[in-house]
Amino acid sequence: MLFGESTSYPQAEQLLGMCMEAGVNFFDTAEMYPVPQRAETHGASEEYLGRWLRSGAVRREDVVLASKVAGPSGQMTWIRGGPHKVDAHNIQQALDASLQRLQTDYIDLYQIHWPDRYVPMFGDSEYDPFCAYTGAVPLEEQLEALGRAVQQGKVRYVGLSNETPWGLCKALALAGTPAPTGANGGPPGARLNRYRGRYAEAESRYGPRPNVVSAVAAYAALAADVGLSPTALALRFVLSRPLVASAVIGATSPEQLEELLRAAAQLLPGGGAGGIGEGIREWLPEDVLQRIDEIHERYPNPTP
């Protein structure tokens, strides 16, 4: 997400190598990355991944690669004029350009980055009917375009990102797939501080809502009490969710990545072992999970 902005290619190469050595081989990117998005760096994240794949450091078949076609925006004029819609033509153009930047002939998982219709997202939690608009591209057209990409061998699997439960279930129904049973401040170097005023999505999603500071303080205190960093507590909680198969992490330095990898593999302070690839994981003891629930009840959804 930041490859090509705050992360140089040598730094990205080091981080990717560390991941592979630790057994992490799934890498997620998007045509609009890096962020904050701008014309001068458009596509750099995919280009860095493609350069690494072609460097000989790793075999393509050992990597699971994901990317995304940008949803309608109108603000990123350097991406197909906006982009203004996610129709079949735009999906094909975006996919071919991503394949070229990634220097590969197929993408393992290709997703629509956000819906081609109004939905509350990126910090909004309430539906505002006045924001709805006509002319949205039907899901049927999008799925047909993605299906053709699979038939052509350009994509292996397709998915949705930043989608609503309704949109996900509708797409699954159209594809003939059963619906799921459930749904899914800081140091100077932190991205919210580094890009303050330039990264509107992050500031709206993680901005100064009334209960944000209190929630962060409560979770940080809990993490300290059980001998974990706030980062480790957060990652272990995500991995403990029964419907979560994998967690997408982000790191811009070896130190950040090392902390995340340790959190996903080390022995728990007071319980069983949790680790990458293990069949049964006790990521957090039950009493810690209960205390997390209590904090959530006090400070619900501070950053929707």
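Predicted model: local features only at pLDDT ≥ 70, side-chain atom pairs only at ≥ 80, totals over all residues.
**Ground rules.** Numbering runs from 1 along each chain as its sequence is written, and side-chain values use heavy atoms, with hydrogens and water left out.

**Alanine 88.** I found alanine 88 in helix α3, residues 88–102 (helices are DSSP runs of H or I, at least four residues, and strands runs of E, at least two, numbered from the N terminus). Alanine 88 has a relative accessible area of 17%, so I put it down as buried (under 20% relative accessible area, 1.4 Å probe, protein chains only). Leaving aside neighbours within four places in sequence, I get contacts from alanine 88 to Glu141, Ala145 and Arg148 (heavy atoms within 4.5 Å). I also checked C-alpha atoms: alanine 88 and glutamine 142 are separated by 6.0 Å, though 54 residues apart along the chain.

**Aspartate 108.** I looked up aspartate 108 next and it sits in strand β3, residues 107–112. Aspartate 108 is buried too, at 10% relative accessibility. Not counting residues up to four places away in sequence, aspartate 108 touches Arg60, Val63, Val64, Leu65, Arg156 and Tyr157.

**Largest cavity.** I noted a lining that includes Trp114, Gln142 and Glu163 (on a 1 Å grid over the protein atoms alone, a cavity is a set of points where a 1.4 Å probe fits but cannot get out, and lining residues have an atom within 4 Å of a point).

Methods:
Buried < 20%, exposed > 50% of the residue type's maximum accessible area, 1.4 Å probe, protein only. 1 Å grid on protein atoms, 1.4 Å probe; cavity = no way out; pocket = protein on both sides within 12 Å on 5 of 7 lines; lining within 4 Å.
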